[in-house]
Amino acid sequence: RIAVARPQRPAAGNPGAGGRQLADETGAGAGEPDFNTDMDVLNYALTLEYLEAAFYAKGNARSLVTGREAEDLRAIGADEQAHVEALTATILKLGGTPVPAPLVDFGDAFKDRDHFLKLSHTFENTGVSAYLGAAGSIKSKDVLQAAAGIYGVEARHAAIIGHLLNLKVDDGVFMGPMEKPKTQAAVLAAVTPFLLEPTGTSGSR
């Protein structure tokens with residue numbers, strides 16, 4: 001089973017990055033299955049977690065938020081790094097090869113607090129939709145259970161950020177009574193503007 005170990009936490013819109021906006025379409029319900037194997041799902045999830053972990057590492061270093069907000073964002077960043085580590089370990093344990101971490105470019109996402117939080121909210125909700133969209137392709141019960149565990153954490157993150165942004169409860173803090181899945185194509189189209197060519201090492205520009 002995948003054990004997601006939480007790292008030690010530090011003590012305690014629509015502005016996007018460079019005008020980028022994540023796609024809103026779910027793209028769900030049509031065509032062939034997105035993934036042939038569980039390894040495909042794991043590497044897909046790892047790519048998304050690389051993106052989120054890099055986003056929080058860079059954003060938290062800018063001191064755009066203070067007090068309890070800063071504590072919350074550091075905790076979320078630690079969770080995303082834990083997801084990277086757990087997915088990487090699982091891929092290796094199953095005999096696969098983890099995809100390399102891509103270089104990333106978040107444009108003006110760290111211009112100020114609102115830019116940071118609004119893109120954070122969008123990334124977290126995109127992650128929720130991505131995990132839900134991939135769930136039906138997972139064959140191993142252990143992998144499915146672990147993915148569901150990460151999915152739940154991503155949803156909690158999105159709710160926390162929505163609260164920090166003072167969004168309304170419906171379609172803000174909570175995205176309706178049922179989460180909406182997104183296909184792999186829809187998710188990758190949404191996040192590709194923030195990804196540069198993979199280089200085998202993690203980094204940012």
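Helix 1 and helix 3 pack at an angle of about 170 degrees, and their axes lie 11 Å apart. The model is predicted. Angles over 145 degrees count as roughly antiparallel. Helix 1 and helix 3 are therefore roughly antiparallel to each other. Their crossing is left-handed.

**Helix 1 against helix 3**

From helix 1 come Val 41, Tyr 44, Ala 45, Leu 48, Glu 49, Leu 51, Glu 52, Phe 55, Tyr 56, Gly 59 and Asn 60. They meet Phe 116, Leu 119, Ser 120, Phe 123, Glu 124, Ala 130, Tyr 131 and Ala 134 of helix 3. What classes of residue make up this contact of helix 1 with helix 3? There are 13 nonpolar residues, three polar and three charged.

**Helix 1 against helix 5**

Helix 1 spans residues 38–60, and helix 5 spans residues 184–191. These two pack at about 25 degrees, with axes 12 Å apart. Because angles under 35 degrees count as roughly parallel, helix 1 is roughly parallel to helix 5. The crossing of this pair is left-handed. Which residues make the contact? Helix 1 contributes Tyr 44, Leu 48 and Leu 51. Helix 5 contributes Gln 184, Val 187, Leu 188 and Val 191. By class, the contact of helix 1 with helix 5 holds six nonpolar residues, one polar and no charged.

Tyr 44, Leu 48 and Leu 51 of helix 1 touch helix 5, and these three residues also meet helix 3.

**Spaces in the model**

| Space | Volume | Lining by class |
|---|---|---|
| Second largest pocket | about 160 Å³ | four nonpolar, four polar, no charged |
| Largest cavity | about 60 Å³ | ten nonpolar, no polar, no charged |
| Second largest cavity | about 50 Å³ | five nonpolar, two polar, one charged |

Take the second largest pocket. Its lining is Asn 43, Tyr 44, Thr 47, Val 99, Gln 184, Leu 188, Thr 192 and Leu 195. Which element gives the largest share of the lining of the second largest pocket? Helix 1 does, with three residues. Tyr 44, Gln 184 and Leu 188 line this pocket, and they also belong to the contact of helix 1 with helix 5.

Now the largest cavity, with a volume of about 60 Å³. Ten residues line the largest cavity. The closest to its centre are Leu 42, Leu 87, Tyr 131, Val 143 and Ala 147. Helix 1 and helix 4 (141–164) are the elements that give two or more residues to this lining. Helix 4 gives the most, with four residues. The lining of the largest cavity has no polar and no charged residues. One of its central residues, Tyr 131, is also part of the contact of helix 1 with helix 3.

Leu 48, Leu 51, Glu 52, Phe 123, Thr 126, Gly 127, Val 187 and Val 191 line the second largest cavity. The lining of the second largest cavity includes one charged residue.

Here the packing and the spaces come together. Leu 48, Leu 51, Val 187 and Val 191 line the second largest cavity, and they also take part in the contact of helix 1 with helix 5. Glu 52 and Phe 123 line the second largest cavity too, and both belong to the contact of helix 1 with helix 3.

Technical notes:
Residues numbered from 1 in each chain as written. Predicted model: local features only at pLDDT ≥ 70, side-chain atom pairs only at ≥ 80, totals over all residues. Heavy atoms only, no water. Axes fitted to C-alpha atoms, helices over the stretch in contact; angles between N-to-C directions. Parallel < 35°, antiparallel > 145°, perpendicular 65-115°, else oblique. Left-handed = near helix turned anticlockwise from the far one by under 90°. Contact = heavy atoms within 4.5 Å. Nonpolar A, V, L, I, M, F, W, Y, C, P; charged D, E, K, R; others polar. 1 Å grid on protein atoms, 1.4 Å probe; cavity = no way out; pocket = protein on both sides within 12 Å on 5 of 7 lines; lining within 4 Å. Points joined across faces, edges and corners; volume = space filled by probe spheres on them.
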